[in-house]
Amino acid sequence: MQSDNSILAKINQTVELLADANSYNSVCREHRLGEPVPSSEKLGNIVNMVREILFPGFFGNTSLRPNTVRHYMGVYLDELFTLLCEQIMAGLCFECENREKVDFKEQEHHARSLAADFIAFLPEIRRILVTDVEAAFVGDPAAKSRGEVIYCYPAVRAISNYRIAHRLMQLGVPLIPRIIAEMAHSETGIDIHPKAEIGESFTIDHGTGVVIGSTCIIGKNVKLYQGVTLGAKSFPLDEHGNPIKGVPRHPIVEDNVIIYAQATILGRIRIGRDSVIGGNVWVTNNVAPNSKVLQFKARESSFRDGAGI
């Protein structure tokens, strides 16, 4: 059994090791007193509040009626604006390079402006999400109602987070869109980078394991199944051997395309409109419009009494 002195010595030694600047320089971030820090909990509240606003009556504890919607929308948007300003400010502060020279008042005004621009775009986000819900409902014979789709389908949750995060990224908000997108990823297994461009009437059936890269461009009325990867084939390197950032490297998927389960589509290629990509295929070249890309038919054999094992 260790003595008390031995235990104390181990703890003190660990303190010294963890307090050594050489061990944490690359994973430590200092912030000024009063500077807001991004909060996953608060961002979760923001996303939930936006979901209440976009799908009134489905989420939250408020009993909405036609004569109370206007009132509650005003209350929600006022609270949303306050929360969003703080988190946008945190994102802006996080990315400041010369933080000592940043004017906090000017930064706060910028955050308020961005929050107002985001809120002004909410009606358009709702319009697009209505088309996404409709695509999921029409495309799934098991769906009994649009309400079931909104409540239960992981694709709607992931796509909602994506639509929110994508707009924030379009507005130039740093960091916060990635956190919101990763929340949906951890909840649903659907990984959509907020920078990807995705048209309306988009749906993902089942969803688990879907990956959509940052430079993907997806048209209207596209349907993906579980396990689909829209990824990069290779990463161009700079003279130091490091990946070059921001190069378009993910697929372009045109309108009215269906991509079945476990298909892997890599590189800056184009999947032409009205095409069908079968399950478990590997695609690294352009696909012409109105095409079908399928596996070769498996050879069928039958065995008796354990033969062939």
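The expected span of a helix is 1.5 Å times one less than its number of residues. Helix H3, residues 40–54, has 15 residues and should therefore span 21 Å. The end C-alpha atoms of H3 are 21 Å apart, which agrees with that value. The structure is a predicted model.

**Helix H3 and its cover**

- Several residues of H3 are buried, among them Leu43, Gly44, Ile46, Val47 and Met49.
- The list of buried residues in H3 also includes Val50, Arg51, Glu52, Ile53 and Leu54.
- Which helices are included in what covers the buried residues of H3? They include helix H4 (69–94), helix H5 (104–120), helix H6 (122–139), helix H8 (154–170) and helix H9 (176–188).

- Lysine 223 has isoleucine 258 of S9 opposite.

**The sheet of 4 strands**

- Another open sheet has 4 strands, ordered S2-S5-S8-S11, again with parallel pairing.
- Its edge strands are strand S2 (197–198) and strand S11 (270–271), each of which pairs on one side only.
- S2 pairs with strand S5 (residues 217–218) in the parallel sense, over 2 bridges.
- Glutamate 197 has isoleucine 217 in S5 as its bridge partner.

**A nonpolar surface patch**

- Ile7, Ile11 and Val15 make a nonpolar surface patch of about 250 Å².
- Isoleucine 11 lies in helix H1 (residues 4–18).
- Is isoleucine 11 buried or partly exposed? Its relative accessible area is 48%, so isoleucine 11 is partly exposed, since the partly exposed class lies between under 20% (buried) and over 50% (exposed).

**Salt bridges**

- Side chains of opposite charge can pair when their charged atoms come close.
- The count of salt bridges comes to 11, where a side-chain nitrogen of Lys or Arg must be within 4 Å of a carboxyl oxygen of Asp or Glu.
- Glutamate 124 forms a salt bridge with arginine 127, and their closest N and O atoms are 2.9 Å apart.
- Why are glutamate 124 and arginine 127 separated by about one helical turn? The reason is that they are 3 residues apart in helix H6.
- Glutamate 124 is partly exposed at 28% relative accessibility, and arginine 127 is partly exposed at 37%.
- Aspartate 255 forms a salt bridge with arginine 273, with the closest N and O atoms 3.5 Å apart.
- This pair links distant parts of the chain, 18 residues apart. Aspartate 255 is in the loop between strand S8 (252–253) and S9, while arginine 273 is in the loop between S11 and strand S12 (276–277).
- Aspartate 255 counts as partly exposed at 23% relative accessibility, and arginine 273 is partly exposed with a relative accessible area of 35%.
- Arginine 273 also meets the side chain of aspartate 274 in a salt bridge, at 3.2 Å from N to O. Aspartate 274 is partly exposed at 33% relative accessibility.

Terms used
Residues numbered from 1 in each chain as written. Predicted model: local features only at pLDDT ≥ 70, side-chain atom pairs only at ≥ 80, totals over all residues. Heavy atoms only, no water. Pairing = 2+ DSSP bridges. Patch = residues over 30% accessible without salt bridge, like charges linked within 9 Å, V, L, I, M, F, W, Y side chains within 5 Å. Areas by Shrake-Rupley, 256 points an atom, 1.4 Å probe, with all protein chains shown as cover. Buried < 20%, exposed > 50% of the residue type's maximum accessible area, 1.4 Å probe, protein only. Contact = heavy atoms within 4.5 Å.
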